[in-house]
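The sequence and the structure come first.

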Amino acid sequence: MKSPYFTTEHNAFRKRVRDFISKEVIPFADMWEDERFVPKTLWQKMGEQGFLGINHPKNDGGSEMDFFFSVVFLEELGRTGYGGFRVAVAVQAYMATSFIAHAASEELKRKYLSPAITGNKLAALGITEPNAGSDLSQIQTSAVREGDNYIVNGTKKFIANGTKSDFVVLAVRTAPSKDTQRRGATGISLLIVDTASEGLSAKKLDNIGWYCSDTAELYFNNVSVPVENLVGKLNHGFYYIMQCFQLERLVAGILALGGIDCCLEITRQYLTQRKVFNSPLSSFQALRHRMADLVTDVEAVRQLIYHTAWLYQEGELPIAECSMAKLKATELANRVVDECLQFHGAYGYQEKCAIARIYRDTRAGTIAGGTSEVMREIIAQIVLGEVKVAV
Ligand SMILES: Cc1cc2nc3c(=O)[nH]c(=O)nc-3n(C[C@H](O)[C@H](O)[C@H](O)COP(=O)(O)OP(=O)(O)OC[C@H]3O[C@@H](n4cnc5c(N)ncnc54)[C@H](O)[C@@H]3O)c2cc1C
């Protein structure tokens, strides 16, 4: 049956991504997990394949393909079953770099976006701070203008690609917030900071999952950043964050969906192979029906995600749907992996079992990129007419 979303070109592209992943990612991913980062050579290989610029403009070296090529790519990243790998790539290709594509000068695009697309520069996105996660009005990292530079001081926390990145797209306070009603929507700007800058240091954090995502804390001690590295307009950072976060949330939903597919496929095989009471697990109705319920819920979420992707492709900024997509996919992923681990019995509880890794990795989904509580709050504000956005 012809899909309303995917053409034969999308399907051929999916095969190309799968082939690449089976050859260049899966055989090495456990080693990257142990080493806690993805090596530079892999970024370059992905760049050569055009995988880091699918959604970026041709002018900057991207391929500007329709958004369903991104859906394919992100689903396949999710289906690797390595949460750390998938988020490291998504930060590079969709999260940090989307701010540059969206608002930066041509010079900044040439200097940072184009080499990120070829895989020659690795990007990080530095928004969260020790005291500012859900509430971005609390951002304290300051950038004070001195001549032709900003002097940056502060700390960023939980930053993926943190110790290995070449540059970080950084949210900084450039003015005190004047707007007490809208909770700090003013006075935040975005700067691109070279991580080799004097005064910038990084410390790896010990996540319980996403091992190869290189999550870190970044310290800025009188870091000098040229004023040309301002992304877009001064004090417009909050506005850019709200725009680019919609894509980030949709991306998180698609990655979670791919992760669910991987988890269910591993479990389907296990249920047919493992024998208990002289029968395969798949013969027990208590397990069969739970599998049926999970797969049914997954297909419902898949349609929400594809619909949201279609709205996004049509040029809308579907704020409510992006939050719904992230909320439903990441919460369902937690439920699916919890059930799938249960179906594996004690084998699923072993450190080196794929389901155990997926269990650890999946848990971050409802926190990173905006928590489930924040997603619900956004949806509620829209539904209750408290913000002017069409549902
Ligand atoms: C593995 C990982 C990688 C990450 N990578 C990055 C990155 O690359 N770059 C980056 O900038 N950030 C990153 N983050 C940070 C992430 O975006 C934040 O963790 C997230 O926004 C939540 O902030 P917080 O952890 O400070 O929680 P808090 O804001 O302290 O919230 C704590 C709890 O309170 C709830 N809560 C907060 N406000 C409300 C409310 N109004 N109503 C109800 N409940 C509320 C939250 O939902 C949460 O459950 C990452 C996080 C993780 C876990």
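Are α7 and α8 roughly parallel or roughly antiparallel to each other? They are roughly antiparallel, because angles over 145 degrees count as such, while those under 35 are roughly parallel, those from 65 to 115 roughly perpendicular and the rest oblique. The model is predicted: local features need pLDDT of at least 70 and side-chain atom pairs pLDDT 80 or more, whereas totals for chains, interfaces and linings use all residues. Residues are numbered from 1 along each chain as its sequence is written, and side-chain values use heavy atoms, without hydrogens and water.

**Helix pairs**

Two packed helices are described by the angle between their axes and the distance between the axes. Here an axis is a line fitted to C-alpha atoms over the stretch in contact, and the angle, from 0 to 180 degrees, is taken between N-to-C directions. Helices are DSSP runs (H or I, at least four residues), numbered from the N terminus.

| Helix pair | Residues | Angle | Axes |
|---|---|---|---|
| α3 and α6 | 67-79 and 237-273 | about 45° | 7 Å apart |
| α7 and α8 | 285-313 and 319-344 | roughly 160° | within 10 Å |

The angle in the α3 row makes α3 oblique to α6. Their crossing is right-handed, while α7 passes α8 in a left-handed crossing. A crossing is left-handed if the near helix is turned anticlockwise from the far one by less than a right angle, and right-handed if clockwise.

Contact means heavy atoms within 4.5 Å. Among the residues of α3 that meet α6 are Phe67, Val71 and Leu74, and their partners in α6 include Leu247, Ile254 and Cys262. By class, this contact of α3 with α6 has 11 nonpolar, three polar and three charged residues. Nonpolar covers Ala, Val, Leu, Ile, Met, Phe, Trp, Tyr, Cys and Pro; charged covers Asp, Glu, Lys and Arg; the others, Gly among them, are polar.

On α7, the residues that meet α8 include Leu287, Arg290 and Leu311, and those on α8 include Glu321, Leu332 and Phe343. The contact of α7 with α8 has 15 nonpolar, two polar and seven charged residues.

On a 1 Å grid over the protein atoms alone, a cavity is a set of points where a 1.4 Å probe fits but cannot get out; a pocket is an open set with protein on both sides within 12 Å along at least five of seven lines; lining residues have an atom within 4 Å of a point. Points are joined across faces, edges and corners, and a volume is the space filled by probe spheres set on them.

The whole structure has three cavities of 30 Å³ or more. The largest cavity holds about 60 Å³, and its lining includes Arg86, Ile260 and Asp361.

The second largest pocket holds about 330 Å³. α4 gives the most to its lining, with five residues.

Key: Helix = DSSP H or I, 4+ residues; strand = E, 2+ residues; numbered from the N terminus.
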